[in-house]
Amino acid sequence: MPNFPTAPIAAAGLIAGFAVADATGNRPLGGIVLAAGGITCAWAWNRKSGPLVAGALLATYVAAFAVSHPLAKQIGAWPSVLTVSAVTAGAAYLGSDRRPEIGRAATS
């Protein structure tokens, strides 16, 4: 399976998670959407860049979710979500998407 860009998936996971929670009033449902984006990205980051980069980027994803809450009190909910999503997408691009795949032994 070829590599795919994770920056838009990381941003979409954060944005869609909030949108679902906001629109439905069901925070756990939004959390499922958020988790699906994070798991998808973590799998791709680990596959392409290895566990250290994957761990760092997943920590960034989770931290973005956490930071969005106090930031929302300062700038509003949607501006906060869009800001942390952009930062997370940038980190995903710089940390994994733009890098060449790490060398892996071919399996047959």
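User: How many helices and how many strands does the protein have?

Analyst: The protein has four helices and zero strands, where a helix is a DSSP run of H or I with at least four residues, a strand is a run of E with at least two, and both are numbered from the N terminus. Read along the sequence, the pattern is therefore written α-α-α-α. This is a predicted model, in which local features need pLDDT of at least 70 and side-chain atom pairs count only at pLDDT 80 or more, whereas totals for chains, interfaces and linings use all residues. Residues are numbered from 1 along each chain as its sequence is written, and side-chain values use heavy atoms, with hydrogens and water left out.

User: What makes Ser 96 a buried residue?

Analyst: Ser 96, which is found in helix α4 (residues 77-97), has a relative accessible area of 1%. Buried means under 20% relative accessible area, exposed means over 50% and partly exposed lies in between, with a 1.4 Å probe and protein chains only, so Ser 96 is counted as buried. In the protein, which has 108 residues, 31% count as buried.

User: How do you know that the side chains of Ser 96 and Ser 49 make a polar contact?

Analyst: The distance given for the side chains of Ser 96 and Ser 49 is 2.8 Å, and a polar contact is a pair of N or O atoms within 3.5 Å, where within protein one must be able to donate a hydrogen and the other to accept it, and residues adjacent in sequence count only if both atoms are side-chain atoms. The value of 2.8 Å falls within that limit, so the pair is listed as a polar contact. Leaving out residues up to four places away in sequence, Ser 96 touches Trp 45, Lys 48, Ser 49, Leu 57 and Ala 91, with contact meaning heavy atoms within 4.5 Å.

User: Which residues touch the most other members of the largest nonpolar core?

Analyst: Among the 15 residues of this core, they are Ala 10, Leu 14, Trp 45 and Tyr 61, and a nonpolar core is a set of buried Ala, Val, Leu, Ile, Met, Phe, Trp, Tyr and Cys residues joined through side-chain atoms within 4.5 Å. The elements that give two or more residues to this core are α1 (7-24), α2 (27-49), α3 (51-75) and α4. Tyr 61 touches Ala 10 and Leu 14, and its other contacts beyond four places in sequence include Leu 34, Gly 37 and Thr 88.

User: Why is the pair of Phe 4 and Trp 43 called stacked?

Analyst: The structure holds two aromatic pairs. In the pair of Phe 4 and Trp 43, the ring centres are 6.2 Å apart and the planes stand at 20°; rings of Phe, Tyr and Trp (its six-membered ring) pair if their centres lie within 6.5 Å, and planes under 30 degrees apart count as stacked, over 60 as edge-to-face and the rest as tilted, so this pair is stacked. Phe 4 lies in the segment before α1 and Trp 43 in helix α2, so the pair ties together parts that are 39 residues apart in sequence.

User: What makes the pair of Phe 18 and Trp 78 edge-to-face?

Analyst: The centres of Phe 18 and Trp 78 are 4.8 Å apart, and with 85° between the planes the pair counts as edge-to-face. Phe 18 lies in helix α1 and Trp 78 in helix α4, so this pair ties together parts that are 60 residues apart in sequence. Phe 18, at 23%, and Trp 78, at 35%, have relative accessible areas that make each of them partly exposed.

User: Why are α1 and α2 called roughly antiparallel?

Analyst: The axes of α1 and α2 come within 7 Å and cross at roughly 170°. Axes are lines fitted to C-alpha atoms, for helices over the stretch in contact, with angles from 0 to 180 degrees between N-to-C directions. Angles under 35 degrees count as roughly parallel, over 145 as roughly antiparallel, 65 to 115 as roughly perpendicular and the rest as oblique, and α1 and α2 are therefore roughly antiparallel to each other. The residues that make the contact include Ile 9 and Gly 13 of α1 and Gly 37 of α2.

User: How do you know whether Gly 37 is buried or exposed?

Analyst: Gly 37, which lies in helix α2, has a relative accessibility of 8%, so Gly 37 counts as buried. Not counting residues up to four places away in sequence, Gly 37 touches Ile 9, Gly 13 and Tyr 61.
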